[in-house]
Amino acid sequence: MCSSDLNSKDRLNKDDLDFLKTNTHYDEDTINEWYKGFKQDCPDGRLDPQAFMKIYSKCFPSGNAGEFCDHVFRTFDVDKNGFIDFKEFLLAIDVTSAGSPEEKLNWAFSMYDVDGNGYIDLPEMTKIVKSIYRMTGNKACSAEAYESPEVRAQAIFKRMDVNGDQKVTRAEFVTTCLDDQQLIGLL
């Protein structure tokens, strides 16, 4: 969980507030409301992986969100220091809720690119799709209708790998998704 800090401030500093007003869709009052809630949950201003999973798992009570949470946490933790500070948190919330389709897809690409090498390969695609299946408790009603995560990942990958080089670049990922609304549903 988040540890407490006796010297924690109740207000966001002006530089961070100005940065977030410029780089998110939120106004000052909304940012301060988010900050108040964040500080209640994390008095020291640091959201660690365990606390993040506890919060995120509430959204998916029927499934196992642990592995998917790891991927989301990694994507939120932009500076890779092992915790999410308020700026990282609000920037990620902004992109995932109020961002443009391109911004959301660029964020999603970062999540799928597990090793951070700038492209997605089939094992990475399969890993994420499996974690989504586990999180959502994806159980089909009939055996014929069930599509395994491996089969689904392969189908998505094949559609995205436009040039057939066994790598999906950020451009291929974003462009394919923007051109194919059905594909976004599969993700």
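How far apart in helix α2 are Glu 33 and Lys 36? They are three residues apart, so about one helical turn separates them. The legends below start with the whole chain and then move to close-ups.

**Figure 1. Overview of the predicted model.** This model is predicted: local features need pLDDT of at least 70, side-chain atom pairs count only at pLDDT 80 or more, and totals for chains, interfaces and linings use all residues. Residues are numbered from 1 along each chain as its sequence is written, and side-chain values use heavy atoms, with hydrogens and water left out. The protein has ten helices and two strands. Helices (H or I, at least four residues) and strands (E, at least two) are DSSP runs, numbered from the N terminus. Along the sequence the order is α-α-α-α-α-α-β-α-α-β-α-α. Of the 187 residues, 38% count as buried. Buried means under 20% relative accessible area, exposed over 50%, and partly exposed in between (1.4 Å probe, protein chains only). Among contacts with a separation of 6 or more, 61% join residues 24 or more positions apart. A contact means heavy atoms within 4.5 Å.

Figure 2. A salt bridge puts a side-chain nitrogen of Lys or Arg within 4 Å of a carboxyl oxygen of Asp or Glu. The count by this rule is seven. One of them joins Asp 18 to Lys 14, at 2.8 Å from N to O. The two residues are four apart in helix α1 (residues 14–23), about one helical turn. Asp 18 is partly exposed at 27%, whereas Lys 14 is exposed at 58%. Another salt bridge joins Glu 33 to Lys 36, at 3.5 Å from N to O. This pair lies in helix α2 (residues 28–41). Lys 36 is partly exposed, with 47% relative accessibility.

Figure 3. Arg 134 and Glu 67 meet through their side chains at 2.5 Å, N to O. Arg 134 belongs to helix α7 (residues 122–136) and Glu 67 to helix α4 (residues 66–76), so the pair ties together parts 67 residues apart in sequence. Both ends are partly exposed: Arg 134 has a relative accessible area of 38%, and Glu 67 has 28%.

**Figure 4. Packing of helix α5 against helix α6.** Helix α5 (residues 86–98) and helix α6 (residues 101–112) pack at about 125°, with axes 8 Å apart. Axes are lines fitted to C-alpha atoms, for helices over the stretch in contact; angles run from 0 to 180 degrees between N-to-C directions. That makes α5 oblique to α6. Under 35 degrees is roughly parallel, over 145 roughly antiparallel, 65 to 115 roughly perpendicular, and the rest oblique. Val 95, Thr 96 and Ser 97 of α5 meet Glu 103, Lys 104 and Trp 107 of α6.

**Figure 5. Two buried cysteines.** Cys 69 is buried, at 2% relative accessible area. Cys 177 is also buried, at 0%. The model has zero disulfides, a disulfide being a pair of cysteine sulfur atoms within 2.5 Å.

**Figure 6. Positive phi in two loops.** Most residues other than glycine have a negative phi. Lys 80 has phi near 55°, a positive value. Lys 80 sits in the loop between α4 and α5 and is exposed at 55%. Gln 166 has phi near 65°, also positive. Gln 166 sits in the loop between α8 (149–160) and β2 (168–169). Its relative accessible area is 52%, so Gln 166 counts as exposed.
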